[in-house]
Amino acid sequence: VESAHVSGGDGGREREREREREMRAWDSRARLCSRGAVEAGTSRRASAVTWARPERKGSAERAPGTATSRVSLADSAVVARSKFAPSPEACPYVQGVRFMGSGSCAPGKVVTNGDLEELVETNDEWIRTRTGIIERRVLSDGEELADIAAAAATRALASSGVDPTELDLIILATSSADDLFGSSCSVQAAIGAPQAACFDLTSACSGFVVGLVTGAQYIRSGAYQKVLVIGGDALSRFVDWTDRNTCVLFGDGCGACVLGAQSASEGGCSLLSFHMESDGEGRKHLNASFSGAGDKTSACLGADGRGRHGSYSNLRMSGQDVFKWAVRAVPSVVQKAVEKSALESVDQIDWL
């Protein structure tokens, strides 16, 4: 919005007020707000997010993508506010969110396809041609998920130039926490961020995307300024290493990113849109169910039974059913996320 400023007199003040009204109206239209639909109760999830690349003076920095989440990038935050401005009815928010930095960490222990040949009836060629996987990382004895999550978080903070004491919130998206009550508090203590609220979030393979969307809403509402989002799992603990159909697929690792607030004048919101869907009927195809006694107070269990540890079963998966669902659901949610972003087509996506 261009408007000449004339100082002095009632006419000048009125023009200045009119300019301010125009700018507020523009910012309300230009703020890109996501309107994702979430269906609760899921075993299988698909989600997609579109991000604008942050632009800084004298810098060609791109926001990093991740392999575990469907993250796509538009041309720039500036373009998102001008060329791809949303319709006026898009819901407003207090402030925008930007991607400040990222980090990752994987355990040191490597399990190659050759190693698996010693454990199950399989071979490197069979695994490579069907999955593309050459090796996977797994936690060693004594290592915990919180250890590698804290390392990933520390690298993300360094990348973003944010001190741990500046964080308002820590979200750990995981399905395999070290503790039944969650591991985010352990990460908080490890990185030295006692002022930050923290919680675990469970959403299986879509965990990082759901964590990213959740963290963004805390910023866009104005509640927080800096949020650390971590996606991590130690699924090797729940793999049956005698089942060649599942043991070749899973490993351990963590990725993290720091989200920060930015005003409309700094580029609006780099989160252009998101879309999430859930299919609660798919639980039978992929699960790791509770396998302990349902009623530990029963007298017939005896003292040993009543004191038995609770536990979960190993991962069970129907690979073909999960594959068929994924190739149908993932392209669909990506397309819907793009449509919500005000981009004209998927051809404008730089990174998938």
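Alanine 204 is placed in the loop between strand E7 (197-201) and helix H7 (207-220), where helices (H or I, at least four residues) and strands (E, at least two) are DSSP runs numbered from the N terminus. The model is predicted, so that local features need pLDDT of at least 70 and side-chain atom pairs count only at pLDDT 80 or more, while totals for chains, interfaces and linings use all residues. Residues are numbered from 1 along each chain as its sequence is written, and side-chain values use heavy atoms, with hydrogens and water left out.

The phi of alanine 204 is near 55 degrees, a positive value in a residue other than glycine. Most residues other than glycine have a negative phi. With a relative accessibility of 30%, alanine 204 counts as partly exposed; this class lies between buried (under 20% relative accessible area) and exposed (over 50%), as computed with a 1.4 Å probe on protein chains only.

Over the protein chain, the secondary structure comes to 10 helices and 12 strands. Of its 352 residues, 43% count as buried. Among contacts (heavy atoms within 4.5 Å) with a separation of 6 or more, residues 24 or more positions apart account for 78%.

Helix H5 (residues 145-160) contains 16 residues, which should span 22 Å at 1.5 Å a residue, and the 23 Å between its end C-alpha atoms agrees with this. The expected span of a helix is 1.5 Å times one less than its number of residues. The buried residues of H5 include Leu145, Ile148, Ala152, Ala156 and Ser160. Their cover includes E3, strand E6 (169-173), H6, strand E8 (226-234) and strand E9 (252-262). Just after H5, glycine 161 adopts a positive phi of about 75 degrees.

The axes of H5 and helix H6 (residues 184-191) come within 9 Å and cross at roughly 50 degrees; these axes are lines fitted to C-alpha atoms over the stretch in contact, and angles run from 0 to 180 degrees between N-to-C directions. H5 is therefore oblique to H6, given that angles under 35 degrees count as roughly parallel, over 145 as roughly antiparallel, 65 to 115 as roughly perpendicular and the rest as oblique. The crossing of H5 and H6 is right-handed, that is, the near helix is turned clockwise from the far one by less than a right angle. At this crossing, Ala146, Ala149, Ala150, Ala153, Thr154 and Leu157 of H5 meet Ser186, Val187, Ala190 and Ile191 of H6.

Helix H10 (residues 319-340) has 22 residues and reaches 31 Å from its first C-alpha to its last, close to the 32 Å expected. A bend of about 25 degrees occurs in H10 at alanine 326, the bend being the angle between axes fitted to the seven residues ending there and the seven starting there. Val322, Trp325, Ala329 and Val333 are among the buried residues of H10. In the segment after H10 lies alanine 342, which has a positive phi of about 75 degrees although it is not a glycine. Alanine 342 is partly exposed, at 27% relative accessibility.

Cysteine 247 is located in helix H8 (residues 244-247) and is buried, with a relative accessible area of 0%. Cysteine 247 touches Leu116, Val120, Arg136, Val239, Asp240 and Trp241, residues up to four places away in sequence not being counted. Valine 94, by contrast, is exposed, with a relative accessible area of 55%, and lies in the loop between helix H2 (77-81) and strand E3 (96-105).
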